[in-house]
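This briefing covers a ligand site and a group of aromatic rings. The sequence and structure come first, and the notes follow.

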Amino acid sequence: MKSSESTSNCQLTPASVPAKITVLGATGSIGLNTLEIVRQFPQKFQIEALSCRNSIEILVEQIKEFKPRLACVDNSKQARELRDAFHNDGSGSETEFVWGVEGLMQISSAPEVDLVVAGIVGAAGLKPTFSAVEAGKTVAVANKEPLVMAGELFVQTAKKTGAKILPTDSEHNAIFQALHNEPVERVARLILTASGGPFRDRSLAEFEQITLAEALDHPNWEMGQKISIDSATMMNKGLEIIEAHWLFNAPVENIDVVLHRESIIHSMVEFVDGSFLAQMGLPDMKVPIAYCLGWPERLPMKIPRLDPLSMNTLHFEKIDPQRYPCLNPAIEAAKQGGAAPAVLNGANETVVSAFLSEEIRFVEIAKIITAVMQSLKEATMQADLPDYLREICTLEDAEQADQWGQEQAGNMLEQIN
Ligand code: NAD
Ligand code: MG
């Protein structure tokens with residue numbers, strides 16, 4: 001079981017020396033939760049680098065508080081402006097500003113860094129997260145899209161470099177905890193739980209009228225916009241099946257999804273002897289993030305706790321494919337393997353972004369993704385299929401397959417509009 005193999009060269013520095021952390025996507029939901037934990041444990045953690053694309057004003061406050069050695073922004077103009085502002089404000093700030101993908105790769109792989117938290121959203125996290133793995137870091141991976149696009153490359157590279165990929169997505173973190181180093185042969189099934197998102201009880205007849213605000217209003221979790229939409233469509237769970245397949249070396253057929261509306265059980269492992277192990281807690285991303293930051297220890301977190309007496313009933317329900325028409329194309333892409341997951345990811349990012357800018361309706365998301373996956377099937381029957389749609393051998397292949405999915409979805413969007 002890849003994620004649970006113990007490696008000797010990727011432990012954090014001894015407890016007396018704070019671990020140096022890079023936070024990719026520091027101004028997002030994962031980034032803010034990470035920094036809240038770091039704030040609670042100044043003896044254990046030190047921020048080496050922060051990055052963001054949006055919300056520069058939040059990054060500025062973070063730089064003042066955590067005094068990172070490096071900060072990465074989107075472009076050279078922003079980097080220059082920030083450098084001038086910080087160097088002229090009399091605070092003696094020594095933060096160096098870098099930018100763009102190169103900058104992100106630099107802060108992920110800098111020799112001083114012990115642990116990288118991958119909290120960028122989408123395919124944009126591919127290169128920086130991969131750089132951290134190539135550099136043999138401990139990498140807390142919340143950013144699932146790179147694993148969907150190039151999971152095999154991540155796992156193979158981590159094996160070579162000794163990097164430790166720590167599953168931070170709540171379901172995968174639950175499985176990581178429940179597996180507790182047991183070998184893959186003992187696992188019968190992984191069961192991912194899904195909250196069902198905001199439309200789990202909405203009449204299907206009303207789906208045509210779903211608004212952006214309703215789709216962003218997740219009942220159990222506070223998250224960034226893209227993952228909130230992915231949760232409403234349940235594409236998120238599809239991406240998570242692919243993520244689990246790579247992280248835990250589990251056949252796709254042995255990964256199931258159940259709707260669990262309370263989000264208390266974050267996922268389960270069924271072992272060959274009939275035992276089930278689950279991880280439970282209130283829906284709070286600080287728990288899985290703290291598990292990864294503290295790993296292999298546990299941090300004494302000051303957070304609201306689950307009261308077992310308040311759990312009258314936990315519900316588990318079958319997923320209705322009519323309600324969640326994105327799930328089946330994702331499962332098919334997972335089974336198909338090769339370029340299919342990257343194409344799926346590209347198509348999904350494009351349509352979600354179109355939905356977020358109110359260019360399409362909610363119900364059109366699944367229709368376009370299904371059509372893109374159908375066009376991939378047709379393309380694979382052609383003799384002149386490009387190699388990157390056959391197999392993902394390099395990061396560039398993954399990027400090109402993702403791009404192909406984006407373009408196909410883009411063409412279909414043009415036809416709608
Ligand atoms: P978010 O939108 O809240 O934050 C994204 C961060 O990445 C921000 O700091 C933003 O500035 C930065 N960013 C965005 N686009 C970028 C780009 N092109 N280049 C560089 N930086 C960029 O997202 P989030 O909800 O924190 O999610 C981050 C990742 O973690 C996603 O892949 C998501 O699926 C995963 N995840 C999130 C949660 C959660 O609770 N939020 C839970 C599980 C997994
Ligand atoms: Mg999740």
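How many Å is an oxygen atom of ligand 1 from a polar backbone atom of serine 29? The distance is 2.9 Å, which falls under the definition of a polar contact (a pair of N or O atoms within 3.5 Å; within protein, one must be able to donate a hydrogen and the other to accept it, and residues adjacent in sequence count only if both atoms are side-chain atoms).

This is a predicted model, in which local features need pLDDT of at least 70 and side-chain atom pairs count only at pLDDT 80 or more, while totals for chains, interfaces and linings use all residues; side-chain values use heavy atoms, without hydrogens and water. Residues are numbered from 1 along each chain as its sequence is written, and chains are lettered from A and ligands numbered from 1 in the order in which they are written.

**Ligand 1: contacts and cover**

- A polar backbone atom of glycine 28 lies 3.1 Å from an oxygen atom of ligand 1, and one of alanine 142 lies 3.5 Å from an oxygen atom of the ligand.
- On its own, ligand 1 has 830 Å² of accessible area (Shrake-Rupley method, 1.4 Å probe), and the protein covers 89% of that area.

**Ligand 1: the shell**

- Ligand 1 is surrounded by 24 residues, counted when one of their heavy atoms lies within 4 Å.
- The closest are Thr27, Ile30, Arg53, Glu145 and Gly224.
- The shell consists of 11 nonpolar, 9 polar and 4 charged residues; Asp, Glu, Lys and Arg count as charged, Ala, Val, Leu, Ile, Met, Phe, Trp, Tyr, Cys and Pro as nonpolar, and the others, Gly among them, as polar.
- At least two shell residues come from each of helix H1 (29-40) and helix H6 (144-161); helices are DSSP runs (H or I, at least four residues) and strands likewise (E, at least two), numbered from the N terminus.
- Domain 1 (5-173) and domain 2 (188-282 + 309-416) each give at least three residues to the shell, with bounds from an automatic or database domain assignment.

**Aromatic rings**

- There are 8 aromatic pairs, meaning rings of Phe, Tyr and Trp (its six-membered ring) with centres within 6.5 Å; planes under 30 degrees apart are stacked, over 60 edge-to-face and the rest tilted.
- Phenylalanine 207 and phenylalanine 362 form an edge-to-face pair, 6.3 Å centre to centre with 65 degrees between the planes.
- Phenylalanine 207 lies in the loop between strand S8 (187-194) and helix H8 (212-216), and phenylalanine 362 in helix H14 (residues 362-380), so the pair ties together parts 155 residues apart in sequence.
- Phenylalanine 207 is buried at 8% relative accessibility, and phenylalanine 362 is buried at 6%; buried means under 20% relative accessible area, exposed over 50%, partly exposed in between (1.4 Å probe, protein chains only).
- Ring pairs link Phe199, Phe207, Phe355 and Phe362 into a cluster.
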